[in-house]
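Please open the structure in your viewer and keep the selection tool at hand. The stops below say what to select next and what is there.

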Amino acid sequence: MANRSPASSGFWKRNQRRLSPLFFLAPGALMFLIYVVLPIFQSIWISFHDWDGLGAKTFIGIANYAELFSDDAFYTSLTNNLLWLVLYLLAVPAGLAVALFLNQTVTGIRIYKSLFFFPFVISQVVVGLIFTWFYAPNFGLFSALIKSLTGTEIAVLADERFVTYGIIVAGLWPQIAYCMILYLTGLNNINPEQVEAGRMDGARGFRLFWNIILPQLRPATFIAIVVTVIGALRSFDLVSVMTAGGPYGSSRVLSFYMYEEALSEYGYRMGYGAAIAVILFLIMMVFITLFLVRMLSQERNA
Amino acid sequence: MTILKTFGAFALGSALMGSAALAGEIVLNSDHSDPAPKKAMEELIADFQAKNPGITVKWNNFDHEGYKSAIRNFLTADAPDVAAWYAGNRMEPFVKAGLFEDVSDVWAANGLDDQLKSASASMTIDGKKWGVPYTYYQWGIYYRADIFKEQGIEPPKTWAELLAACEKLKAAGITPFAIGTKALWPTGGWFDYLDLRVNGYEFHMDLTSGKVPYTDPKVKAVFEKWGELVKPGYFLENHAALDWQDAIPQLVQGKAAMYLMGNFAVATMKDGGLKEDQIGFMQFPEITAGIPMAEEAPTDTFHIPSGAKNKEDAKKFLAYLASPEAQAKMNATLGQLPVNNKAAKPTDKFLDAGFTMLSNAYALAQFYDRDAPADMAKAGMEGFQEFMVKPDKVDDILAKLEKVRARVYK
């Protein structure tokens, strides 16, 4: 003790409590800075340039954005993204319904639960392939069914009227399983005393569910909505595997369009791709901010 | 920013150390991952090493799709000594960015201007040669010879005969043309051939290099001819849901009779169960009388990146690759045509027909997605696919393409 320099040990002692959290945070924060925060600003910077990824960047101001707002393909992608967002949210009530159905004690219920959970375990690429075959004209199960019902064959993935819906249905399959799992864990934590009390007061059936069960599932509902909204906005794998944005670009979504423009075989317009990414980022920011505000206000109330 | 630079320098430094080649070694990157091309490359490398005892070739084989993005990385960061790529406009971005080495001296020293004459134009940018072509293959209409015979159809030589043949097939319950447009590029073959036959090679090249607007009446005329096949339903239904291989079973089962494709499709047709004498090959028929017949012949090439470390030996490799013996042997394995006109002729029936056709061709086009710049090609082929589904929207489609043209060729 006596031979340590008093100045340094004094400084460390005085500030230990304030400094050590910073040291613990530093590795994670550094990675986050390099791999998340800096690229965001880099993307914004690139979106003001005309750049093929190889040569020199040319600064063109907001020309990429100006072009984007008069680009039909951009509006098609945006509309499809909205469709995704709205229809994908069906996974939340559907997942809840399945969870309620499975939340009973019957022999072998674990097997049924895992069967329902199964689609979430398979990779999105495999889901996409399965549904592509399902819809395939000439030999697909679905097109055979439609043919036997209506007499005409519909190639879902080649028809601009149905293609996006077809892909969303494929996406709903694993997403419902995900929401179901969230609700199943939520249902495990239901307070039996409250249910009992409700029963005593004469609540049953739907009213019991709506007034007693659902409020207790709010945390699960919140998480389910968050992951579903984010999942809808970043939908990419299914579009890429099932149609590659076709037929003639009618099933594109923003993230796929960004990939096509910036990174695909026919693309390498880095600036334009970055501009699409920035727009997608702004749309996501709206939702992320909403969620954050909600979470913070809940924490404050708690 | 300094952090980024330090990181970049570090990454570059370690990459350079990793690839520091030995003297007498050349690093070769290519995408010959399918069985036949892989075998052809193995033979080529073994023969080259036997002829040049001091040199060893280190070969990195990539898969097709991965290669297209990998090449952009390795050309700038960690250049090999030889890299595979394609002729025409496809190599232009790399040439313009200074990433490919001028190899005009290899051409001059080995008499390649004469021997590789047919591909000379598509290897030249700014009057210099930027690589060596080693293989190409013909496009044309492959048809079911037995079905034609049954229906009493002679292979059509003119547009009127083609339409008559289609009508006859359709009446017999057979779809005239198989096609799968999911991957878009098969539509490019149709547009190229129709434009080459309606307006000729010069106009087609002017169009793909951006000198003519897509709203030009001559372009509209191409789509009118195309419409004569689309509107009566002469193409496979639901083609937008199919890949090109998915349309082959229709041909094999006799539900479709013709397929405009590259010669690589023959192998798939045979795998599907067709015998050689069931398949016929014909040149795309004449449309506008008197226009010299140009053909489609996509060419594959090798280049020396400007960042190569062993350019001297790499040039020896290119010279060997260009030689008649090397090209004859390699293409016999590939099942394609040698570019070198001194190389031994192929014995295969379809290749022989292709060889004769291409030797007499007025000029060679590379393919829509190699002749036109990438973003134009993408928009163009999307428009062609839309036209094949909704032929009445032709004016909207052409207006859209013209908008893209105005942006791409500034």
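Select helices α2 and α16 of chain B: α2(B) passes α16(B) in a right-handed crossing. A crossing is called left-handed if the near helix is turned anticlockwise from the far one by less than a right angle, and right-handed if clockwise. Helices here are DSSP runs of H or I with at least four residues, strands are runs of E with at least two, and both are numbered from the N terminus. Helix α2 covers residues 35–51 and helix α16 residues 324–334 of chain B; their axes come within 8 Å and cross at roughly 155°. Axes are lines fitted to C-alpha atoms, for helices over the stretch in contact, with angles from 0 to 180 degrees between N-to-C directions. α2(B) and α16(B) are therefore roughly antiparallel to each other. The cut-offs are under 35 degrees for roughly parallel, over 145 for roughly antiparallel, 65 to 115 for roughly perpendicular, and oblique for the rest.

Now show the side chains between these two helices. From α2(B), the residues that meet α16(B) include Ala36(B), Pro37(B), Met41(B), Leu44(B) and Asp47(B). Among their partners in α16(B) are Ala326(B), Met330(B) and Leu334(B). Contact means heavy atoms within 4.5 Å.

A note on what is on screen: this is a predicted model, in which local features need pLDDT of at least 70 and side-chain atom pairs count only at pLDDT 80 or more, while totals for chains, interfaces and linings use all residues. Residues are numbered from 1 along each chain as its sequence is written, chains are lettered from A and ligands numbered from 1 in the order in which they are written, and side-chain values use heavy atoms, with hydrogens and water left out.

Stay in chain B and select residues 185–198 (α10) and 217–230 (α12), whose axes come within 9 Å and cross at roughly 120°. α10(B) and α12(B) are therefore oblique to each other, and their crossing is right-handed. On the α10(B) side the contact includes Trp190(B), Phe191(B) and Leu194(B); on the α12(B) side it includes Phe223(B), Trp226(B) and Leu229(B).

For another helix pair, go to chain A and select α5 (residues 109–121) and α8 (residues 163–188). Their axes come within 6 Å and cross at roughly 130°. That makes α5(A) oblique to α8(A). Is the crossing of α5(A) and α8(A) left-handed or right-handed? The crossing is left-handed. The residues in contact include Phe116(A), Phe117(A) and Phe120(A) of α5(A), and Trp173(A), Tyr178(A) and Ile181(A) of α8(A).

Next come the rings. Back in chain B, select Phe62(B), Tyr67(B), Phe74(B), Trp85(B), Tyr86(B), Phe94(B) and Phe100(B), which ring pairs link into a cluster. Rings of Phe, Tyr and Trp (its six-membered ring) pair if their centres lie within 6.5 Å; planes under 30 degrees apart count as stacked, over 60 as edge-to-face and the rest as tilted. Over all chains, the count comes to 57 aromatic pairs. One of them is the tilted pair of Tyr67(B) and Phe74(B), with 5.8 Å from centre to centre and 55° between the planes. Tyr67(B) counts as buried at 1% relative accessibility, and Phe74(B) counts as buried at 8%. Buried means under 20% relative accessible area, exposed over 50% and partly exposed in between, using a 1.4 Å probe and protein chains only.

In chain A, select Lys57(A) with Trp51(A): the charged end of Lys57(A) sits over the ring, 4.5 Å from its centre. Then select Arg269(A) with Tyr272(A), where the charged end sits over the ring at 4.2 Å from its centre. For this, NZ of Lys or CZ of Arg must be within 6 Å of the ring centre and within 35 degrees of the ring normal.

The last stops are single residues.

- Tyr248(A) lies in the loop between α12 (237–242) and α13 (254–263) of chain A. Its phi is near 30°, a positive value in a residue other than glycine, and Tyr248(A) is buried at 9%.
- Phe367(B) lies in the loop between β13 (364–365) and α18 (368–371) of chain B. Its phi is near 150°, also positive, and Phe367(B) is buried at 4%.
- Glu260(A) is in helix α13 of chain A and counts as buried at 6% relative accessibility. Among the residues that Glu260(A) touches are Arg252(A), Lys378(B) and Glu382(B).
- Gly152(B), in the loop between α8 (145–150) and α9 (159–171) of chain B, is exposed at 53%.

Note on methods
Lists of a residue's contacts leave out its neighbours within four places in sequence.
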